[in-house]
There are 4 protein chains.
Amino acid sequence: MNGSDGTTAVLLLSCPDQPGIVAAVADFVFRHGGNIIDAQQHMDRTDSVFFQRVEFLLDGCDLAREEIEPALRPLIDRFAMQCSVQFSDDIPRVGVLVSRQAHCLVDLLARSRRGELPIDVSVVISNHADHAEVAEWFGVEFVHLPVTADTKPAQEAAVQSALVAHGVTLVVLARYMQILSGEFVSRWPDAIINIHHSFLPAFMGGRPYHQAHERGVKIVGVTAHYATAELDDGPIIDQDVVRVSHRDSASDLQRRGRDLEVVVLARAVRAHVEHRVLVHGRRTVVFD
Amino acid sequence: MNGSDGTTAVLLLSCPDQPGIVAAVADFVFRHGGNIIDAQQHMDRTDSVFFQRVEFLLDGCDLAREEIEPALRPLIDRFAMQCSVQFSDDIPRVGVLVSRQAHCLVDLLARSRRGELPIDVSVVISNHADHAEVAEWFGVEFVHLPVTADTKPAQEAAVQSALVAHGVTLVVLARYMQILSGEFVSRWPDAIINIHHSFLPAFMGGRPYHQAHERGVKIVGVTAHYATAELDDGPIIDQDVVRVSHRDSASDLQRRGRDLEVVVLARAVRAHVEHRVLVHGRRTVVFD
Amino acid sequence: MNGSDGTTAVLLLSCPDQPGIVAAVADFVFRHGGNIIDAQQHMDRTDSVFFQRVEFLLDGCDLAREEIEPALRPLIDRFAMQCSVQFSDDIPRVGVLVSRQAHCLVDLLARSRRGELPIDVSVVISNHADHAEVAEWFGVEFVHLPVTADTKPAQEAAVQSALVAHGVTLVVLARYMQILSGEFVSRWPDAIINIHHSFLPAFMGGRPYHQAHERGVKIVGVTAHYATAELDDGPIIDQDVVRVSHRDSASDLQRRGRDLEVVVLARAVRAHVEHRVLVHGRRTVVFD
Amino acid sequence: MNGSDGTTAVLLLSCPDQPGIVAAVADFVFRHGGNIIDAQQHMDRTDSVFFQRVEFLLDGCDLAREEIEPALRPLIDRFAMQCSVQFSDDIPRVGVLVSRQAHCLVDLLARSRRGELPIDVSVVISNHADHAEVAEWFGVEFVHLPVTADTKPAQEAAVQSALVAHGVTLVVLARYMQILSGEFVSRWPDAIINIHHSFLPAFMGGRPYHQAHERGVKIVGVTAHYATAELDDGPIIDQDVVRVSHRDSASDLQRRGRDLEVVVLARAVRAHVEHRVLVHGRRTVVFD
């Protein structure tokens, strides 16, 4: 019923902890002929919540893709699960929002092109016109939506329309310097990834490299997180840091930080599109 | 039958990969009333070998400790498993071998005393007399077994006897500068942990910090690995590194390396005694 | 006039930037027969302030130790310098303040004993009695000064007296959980080193590992800084971090953090006692 | 005589250590009206060799560029110095050699274009035709020079001719998978930078990520070094590493390594073109 091409289904589930969940899920997959190639779980002891990621080969499975979720319904009800079912060959349609600095945008496009990151960048939207050419080079539609203080709500609405029109299921804020409204954010829950150029929660808000330089830190960092209505406060997906010294000016910190931004954003996008991330309040579970 | 004190059993198993293993093991635990609190698995695609660590609460389990392995026998046979069963309150008896430098020894004793590392250091053996006092301070028996080129086999035999006499199940080479024979090593298979003061396989053999200085590397590292008959070639459990520069002399590298040795050895011992390590040829699977 | 034992003098100086400083200082040392073995400088472009560390061999120098600073006076006046003169064989008298957790204390004592850190720990002061034995083991006087909300000012005065009585020139807060008054801090300007168990300025104040766990960060850090009247706001000397995951509870973060605290505090103390640190407002210049 | 635009001269010098060098060089610059903005030195105690980097503003200097080296001649002779004089506005002409994988090439071109790296990539040469388009996009000439076992010497000669024809002073091997002859290497002494995809000296030779996977290391690294006649043995400029686990296949190591290769190669090129690197036998001095 399903091809022998290595395509997998991924179950991402969470529920109140109780005995028997692991056995029940494993049994479900086994009974339907799926071979589990990865199963990771986590039990949050603070809240007694159980999280699991189960990936199994569709080849041999006696359920069609659309039958899996209905077949899981009894388990979902029994354990009061949140559960999503996804497939490894569903390549998400990604919209990238970007302002002046193009390094994260170019990196995502290059990774996508060389087959390193399973995403389909469908549209690039910017409040600046600068990146039209590079988008064209990569064969991606570019939408220029300038913004001023007066036009902010209208511009955001236009951004949202463009994303919707392109069927975008993952929005990446690749150094997009505009604050998004709660309404916008709620349109893609846990599906807007922002790269913030500091080690959050240090240096929230604007010009974090300048803040870091003034404070005299010996390490700077970057943070990839899901955007929420609360600025710079969303669940953190990944972070990384680099050592700096008194020799580094604020612009040196910016330069060093750029190399981190590129890598940490790509790692976070990869974790998301491989269905490895579960959100739990302000925290995330990121399976390896 | 088992206490309600949070004591757990840990199954560490490996076998040729095939569908149904995860379900069978989870079902086994569930049927016997155990609640799985951690289950991690890994499938080595090169060799099609499946590895799993399953930890479950004894509280509620209808099997006594000594009944678990026999009850698992049908599964072990069906899947041709290697399987060990261990318990979280079995504190291993550890023998520490050390030469001149005491930093790793002192660190292990201090971690053990403050309850950070679940080990019972039963005996400290050294070819130097220097560390008698510190062993005494920590209340651990100290055995001084000096060695010369002529007495090497006899001394090693005496070391082995002392370890056996103390019922040691884990040997830690905490900067022990004597090469051990294959016979000795085979006495504690995958249960002798050595800390090598280089990023293996770079700088095998003696004086690795001097080798590193001469080569002009910009990073030095250390490696914790299981000892095998082949010097510096055993399965790696953990490694870490630190950045150095042209300013660092060979003795600076030694000093910086010491801080790494302490931490990496402690991490490797922790992984071992928490039953998180499975050996697979020259490699290890180390579950988080 | 001075021994041929490798003893060096270290000049640490800062002044408004202008041409000729490097030449003037190098010429001064050369004229007096000193051989410069290390000279590092830094120019802060924001404030146009020049910083320099010059280390030269006393062997061959025609000035006695006490004559160096007077001989420098014309240069100091000409360039409006702040300048200190120190000697590599002046081992600072250190007072260590500690509360419940002993890991940083023990580490400093062990490094000092094995000759790795050129400090003379003269007194250990704690608001708990627990560490008397370990201090005795290392041959250091231990002073127990318990504190309650009511006795805080009196206890702090007693701490200060004990430090003064021991001639302490460097105070190390090795996980000392009491807030010090501005008066106390001003008694040892730029000579009280605190280890804070977070990556400052993230998680200032109490229970930073718990804060970090709640925020769901993927990296935790520690910060060694000079204490100032403003809590957790003093000039940062060194920081380091370690990667964590959703698997880590708040107490796991504490455990991982302890390994960092030990190393970062030791590095900061080393930088200080080797006269490598210059304070510039809220920032530091730390020469390699 | 010289502009007031912040252009600097950089002296890179080395000589047998003796007193008075720092003073003599600083005095030289001061007498000629140059303002030193950076001076770093290093004394190699093993070989008693002194290294220094001195950077001073040309503005105010009474020597024309071409007069500086002749004016330094007495100092050079007195101290038996190796000395080079370079200028911050001399942008080096760079030739990039690349095989199949383009990530390092694209990164260098992007950094150059956005003004982050002061290089002029004059020509891209590859044994594959794939990268013509991207070179064109960045406006750089592309030369396709395919190679077989039979044509190797002729192809290398053609590569060398193309580099010479473009006046290349720095050759970057951006994942160029052909071994270069000693004759070729000697044409650009200490001016061919290679990025090797392992933490040298571990895993020299071919397919290092596969070697690393087989050995089961827990960290992989990359190394930027000057090419010498001896393969993978040249002086190391920079290295970096990333943590891996049993979950990572050899191709995962390749992917993780690519992110390192890009950053470490860029850092090494930056250090070289900012005249921060001095070669000392198999080691380098890399000033910050």
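Mentor: Gladly. In this predicted model, 34 residues from chain A and 34 residues from chain C make up the contact between these two chains.

Trainee: What makes a residue part of that contact?

Mentor: The cut-off is heavy atoms within 4.5 Å. By that test, chain A gives 34 residues and chain C gives 34 residues.

Trainee: And what area is buried between chain A and chain C?

Mentor: About 3000 Å², with carbon and sulfur atoms giving 54% of it. Arg215(A), Lys218(A) and His246(A) supply 25% of the area that chain A buries against chain C, more than any other three residues.

Trainee: Why is the pair Asp238(C) and Arg243(A) called a salt bridge?

Mentor: The rule asks for a side-chain nitrogen of Lys or Arg within 4 Å of a carboxyl oxygen of Asp or Glu. For Arg243(A) and Asp238(C), the closest N and O atoms are 3.1 Å apart, so the pair meets the 4 Å cut-off. Across the interface of chain A and chain C the rule finds six salt bridges. Polar contacts there come to 18 residue pairs, both residues being at pLDDT 80 or more.

Trainee: Which elements of chain A give two or more residues to the side that touches chain C?

Mentor: They are strand 2 (35–44), helix 7 (208–215), strand 11 (236–243) and strand 13 (283–286). Strand 11 of chain A gives the most, with seven residues. By residue class, this side of chain A divides into 13 nonpolar, nine polar and twelve charged.

Trainee: What about the interface of chain D and chain B: how many salt bridges are there?

Mentor: Six. One of these pairs is Arg215(B) with Asp233(D), at 3.8 Å from N to O; that is within the 4 Å cut-off, so the pair counts. The area buried between chain D and chain B is about 3000 Å². Arg215(D), Lys218(D) and His246(D) lose the most area on the side of chain D, together 25% of what that side buries.

Trainee: Now chain A by itself. How many helices and strands are there?

Mentor: Chain A has eight helices and 13 strands.

Conventions
Residues are numbered from 1 along each chain as its sequence is written. Chains are lettered from A and ligands numbered from 1 in the order in which they are written. This is a predicted model: local features need pLDDT of at least 70, side-chain atom pairs count only at pLDDT 80 or more; totals for chains, interfaces and linings use all residues. Side-chain values use heavy atoms; hydrogens and water are left out. Buried area is the accessible area (1.4 Å probe) that two parts lose on being put together, summed over both. A polar contact is a pair of N or O atoms within 3.5 Å; within protein, one must be able to donate a hydrogen and the other to accept it, and residues adjacent in sequence count only if both atoms are side-chain atoms. Helices (H or I, at least four residues) and strands (E, at least two) are DSSP runs, numbered from the N terminus. Ala, Val, Leu, Ile, Met, Phe, Trp, Tyr, Cys and Pro count as nonpolar, Asp, Glu, Lys and Arg as charged, and the others, Gly among them, as polar.
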